[in-house]
Amino acid sequence: THSPFAGSFVAELPQSTPQDVLDAAERARTAQRLWAARPLSERAAVFLRLHDLVLDERDLLMDLIQAENGKARRDAFLEVADVANTCRYYARTAAAALAPSSRTGLIPGLTSVQELHHPRGLVTVISPWNYPLSLAAGDSIPALIAGNAVVQKADNQTALTALLALDLARRAGVPDDLWQIVLGRGSQIGDPLLDIADYVMFTGSTESGRRIAQEA
């Protein structure tokens, strides 16, 4: 990859194979079962720690966003603030959002219904280049707090930003195999990314979005 500022070299990135995606999914599913069994309060605490780490490492995050994406420092900071706030928001509200709730039964007064929330399992996140932190980490955080695993395809142009976010998450306590990032073109690894998924989060072109919706 090369920097939009001056065309200078940034990084040479290994590209994942379809088998790499399948292997990542297998490890993620194993980690997810253990993660979902942990109390929600423990999962939330991990992301309160990530909130602090994102702010502590804000200069490095902004440096990477600028080097890979080319946006102004102010706009790079907005992404840092967004992800920190996302960590704090979902960590503080997840208990209420995921709590069982009562619903009206088929025969009011004689029957009752409780709505329960369960993790989907494995969430595929396909994130773009234009918001390399907000749409990489920001879309993965609520899925993880809710007890899911994530296999993510970050855009090659801004992969280092996503990988740094993953590194910070692991430092905060996210299990190694629970959130994984694969790299490659959609034409090469797009199909296995959809095949492994219980739920898909996609941001990108309309054409690709229509195809993914059809496959889903």
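Start by selecting strand 3, residues 122–126, and look at its two faces: Leu-122, Thr-124 and Ile-126 on one side and Val-123 and Val-125 on the other are all buried. Buried here means under 20% relative accessible area, with exposed over 50% and partly exposed in between, using a 1.4 Å probe and protein chains only. That is 5 of the 5 residues, so strand 3 is largely enclosed by the rest of the structure. In a regular strand, side chains alternate between the two faces of the sheet.

Before moving on, keep in mind that this is a predicted model: local features need pLDDT of at least 70, side-chain atom pairs count only at pLDDT 80 or more, and totals for chains, interfaces and linings use all residues. Residues are numbered from 1 along each chain as its sequence is written, and side-chain values use heavy atoms, leaving out hydrogens and water.

**The sheet around strand 3**

Strands 3 and 4 run parallel and are joined by 5 bridges; DSSP has to find at least two bridges between strands for them to count as paired. Click on Leu-122 and you'll find Ala-149 of strand 4 opposite. To get from strand 3 to strand 4, trace the chain through helix 5 (residues 137–145): this β-α-β crossover is right-handed, in the sense that, with the strands pointing away from the viewer, the path from the first strand over the helix to the second runs clockwise. Helices (H or I, at least four residues) and strands (E, at least two) are DSSP runs, numbered from the N terminus.

Now bring in strand 6 (199–202). Strand 6 pairs with strand 3 in the parallel sense over 4 bridges. Two partners to pick out are Val-123 with Tyr-199 and Ile-126 with Phe-202.

Zoom out for the whole sheet: it is open, has 4 strands in the order 5-4-3-6, and pairs in parallel. Strand 5 (179–182) and strand 6 are at the edges with a single partner strand each, so one side of each has no neighbour in the sheet. From one strand to the next, the twist averages 20°.

Axes are lines fitted to C-alpha atoms, for helices over the stretch in contact, and angles run from 0 to 180 degrees between N-to-C directions. Ile-189, Gly-190, Pro-192, Leu-193 and Leu-194 of helix 7 are buried. Their cover includes helix 1 (18–37), strands 3, 4, 5 and 6, and helix 8, with contact meaning heavy atoms within 4.5 Å.

Which residues lie nearest the centre of the largest pocket? Show Ile-126, Lys-153, Gly-186, Phe-202 and Ser-208, out of 23 lining residues. Helix 7 gives the most to this lining, with 6 residues, and helix 8 (206–215) supplies at least two. The pocket holds about 470 Å³ of space.

**Last stop: helix 2**

Jump to helix 2 (residues 40–56) and pick His-51. His-51 counts as buried, at 12% relative accessibility. Leaving aside residues up to four places away in sequence, His-51 touches Ala-84, Cys-87 and Arg-88.

Definitions and conventions. 1 Å grid on protein atoms, 1.4 Å probe; cavity = no way out; pocket = protein on both sides within 12 Å on 5 of 7 lines; lining within 4 Å. Points joined across faces, edges and corners; volume = space filled by probe spheres on them.
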